[in-house]
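This briefing is written to be read alongside the sequence and the coordinates.

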Amino acid sequence: MADSAPKSVASSSESAVHIVYTERPLENEEPEAYHIRTLASVLGSEEAAKGALIYSYKTAASGFSAKLTPQQVEEISKLPGVLQVVPSRTLQLHSGPGKLH
């Protein structure tokens, strides 16, 4: 049982990619600038936010994907303008030859 404790401590501080859905920014603010500002409020600096930002969603939805620790997910979830934070997942399509039956 002593072996499992360090693993749980390490996993609680590891970052993973999350998608953060936000309200749309004000008309005079670029979406990416708004996303970086939101992320910087949790990470402490604009440089750290730019380093963690993976993609800024601007068309069909407003939000961004970024590498966040569980603690950062908790903090950013509480910010005004943040609607939802979900882990990013990669799904495999079940299509191809012989799979369309």
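The chain has a mean pLDDT of 85, with 81% of its residues reaching 70 or more, and the model is a predicted one. The points below are grouped by topic.

**Confidence**

- Over residues 1-11 the pLDDT stays under 50, and for this stretch the model has one contact beyond four places in sequence.
- Where pLDDT is low, predicted coordinates should not be read in detail.

**Helix α2**

- Helix α2 covers residues 31-43, which is 13 residues, and it reaches 18 Å from its first C-alpha to its last, close to the 18 Å expected at 1.5 Å a residue.
- The buried residues of α2 are Y34, H35, I36, T38, L39, A40, V42 and L43, and the elements that cover them include the strands β1 (16-22), β2 (53-57), β3 (63-68) and β4 (82-87), together with the helices α3 (46-52) and α4 (70-77).
- After α2 comes G44, which has a positive phi, near 100°.

**Nonpolar core**

- The largest nonpolar core comprises 16 residues, and those with the most contacts inside it are V20, L39, F64, L68, I76 and V85.
- At least two residues of this core come from each of α2, α3, β3, α4 and β4, and α2 gives the most to it, with five residues.
- In soluble globular proteins, nonpolar side chains tend to be buried together.
- V85, one of the residues with the most contacts inside the core, touches H18, I19, V20, V73, I76 and S77 when residues up to four places away in sequence are not counted.

- S56 is found in strand β2, and it counts as buried because its relative accessibility is 7%, where the cut-off for buried is under 20%.
- The side chain of S56 is joined to that of H35 by a polar contact of 2.5 Å, and H35 is itself among the buried residues of α2.
- Leaving aside neighbours within four places in sequence, S56 is in contact with P31, E32, H35, G63 and F64.
- H18 lies in strand β1 and, with a relative accessibility of 12%, also counts as buried.
- The H18 side chain reaches the backbone oxygen of A16 at 3.0 Å.
- Beyond four places in sequence, H18 is in contact with F64, S65, A66, L68, V73, V85, V86, P87 and S88; among these, F64, L68 and V85 are listed with the residues that have the most contacts inside the core.

Technical notes. Residues numbered from 1 in each chain as written. Predicted model: local features only at pLDDT ≥ 70, side-chain atom pairs only at ≥ 80, totals over all residues. Heavy atoms only, no water. Helix = DSSP H or I, 4+ residues; strand = E, 2+ residues; numbered from the N terminus. Expected span 1.5 Å × (residues − 1). Buried < 20%, exposed > 50% of the residue type's maximum accessible area, 1.4 Å probe, protein only. Contact = heavy atoms within 4.5 Å. Core = buried A, V, L, I, M, F, W, Y, C linked by side-chain atoms within 4.5 Å. Polar contact = N/O pair within 3.5 Å; in protein donor to acceptor, adjacent residues only side chain to side chain. pLDDT = per-residue confidence, 0-100.
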